[in-house]
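Here is a brief report on one protein model. Please look over the sequence and structure first.

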Amino acid sequence: MSRPIPPSYKTKNWSAYSEALKQRGSLTIWFDPDMAWVPPPTGKRGRQPQYSDAAIQTCLTTKVLFGMALRQTTGFVESLLRLVGLDWAVPDFSTLSRRQKTLAVSIPYRGSHGPLNLLIDSTGIKAEGEGEWHARKHGGAKRRLWRKIHLGVDEQTLEIRAIEITGSNIGDAPMLPELLSQVPTDVEIASVTADGAYDTRRCHDAVADRGAHAVIPPRRNAKPWKPSTAGAIARNEALRAAKYLGRAIWRKWSGYHRRSRAETKMHCVKLLGQSLTARDFDRQVAELQIRAAVLNGYTALGIPVTEPVG
């Protein structure tokens, strides 16, 4: 029996999307003359901060975009401010390094129309160690450190709505409740789509507590759970449907294929760098959160609208 031919897709808004891609290369989208570069007085004793969180995040954003070191970032921002005619002072490299450790990164998002359909996935990114070619050729160093990125992506707008950074020793399932907690309680969540690694009682209960529908494939050796919670009942129904329809048909019927958009977003995160430049954990968290803010800024400019053809 021959396999079905996958459908082809056509971009409906190619003109607008092409213009959005051009805007992604414009530096003006990162600099706003009305930005609060100098923070207001804190009202506390001691030395007042000289630069706002927005100023630090803007400098670190250019660092992430162009893959520069901290000193080069300072010189780059100074030249940009001179070109646009702003006489703002620029933080030096030690200030950027110190503030990055405690920076509260602002990740903008537009929000979707209607209930939120959240796509969950995780991936690893290298923090220390040799590159992949060196590891294959020479075996690499024994010390290779990885961080795990856990993302929650809005299916409609493709924006990152939740992000958690952990060590490589932390599993996927324990972080799903943490991701859901980042979505405001007044935001209605319609569904949460994740892979089979999240097929645990805690994950299903966390999804059910938010009043959402879990699209999580049961494990191949899955057995029914005791129906003591709403999450367990919903999971048992998914298990019965998967056994009755077959896993392939269940995935198509439930819309599980939408999770591939989260994998695409993971690829976009790594396009900004295959490894981290920061060396301690807190600064690495800020670096990855800034990547999420950059990607949401790109997405806000425009995304392709496609339709199947043929």
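## His 150

His 150 sits in strand E3, residues 145–154. Strands here are DSSP E runs of at least two residues, and helices are H or I runs of at least four, both numbered from the N terminus. The model is predicted: local features need pLDDT of at least 70, side-chain atom pairs count only at pLDDT 80 or more, and totals for chains, interfaces and linings use all residues. Residues are numbered from 1 along each chain as its sequence is written, and side-chain values use heavy atoms, leaving out hydrogens and water.

His 150 is buried, at 0% relative accessible area. Buried means under 20% (1.4 Å probe, protein chains only). The His 150 side chain makes a polar contact with the side chain of Thr 166 at 2.9 Å. Such a contact pairs N or O atoms within 3.5 Å, one able to donate a hydrogen and the other to accept it. Leaving aside residues up to four places away in sequence, His 150 also touches others (heavy atoms within 4.5 Å). Among them are Asp 121, Ser 122, Glu 164, Asp 172 and Met 175.

## Helices H10 and H11

The axes of H10 (residues 260–271) and H11 (residues 281–301) come within 10 Å and cross at roughly 115°. Axes are lines fitted to C-alpha atoms over the stretch in contact, with angles from 0 to 180 degrees between N-to-C directions. H10 and H11 are therefore roughly perpendicular, a label for 65 to 115 degrees.

H10 contributes Lys 265, Cys 268, Val 269 and Lys 270 to the contact; H11 contributes Arg 291, Leu 295 and Thr 299.

## Whole protein

The protein has eleven helices and seven strands. Of its 310 residues, 43% count as buried. Its C-alpha trace spans about 70 × 55 × 45 Å along the principal axes.

Terms used
Parallel < 35°, antiparallel > 145°, perpendicular 65-115°, else oblique. Buried < 20%, exposed > 50% of the residue type's maximum accessible area, 1.4 Å probe, protein only.
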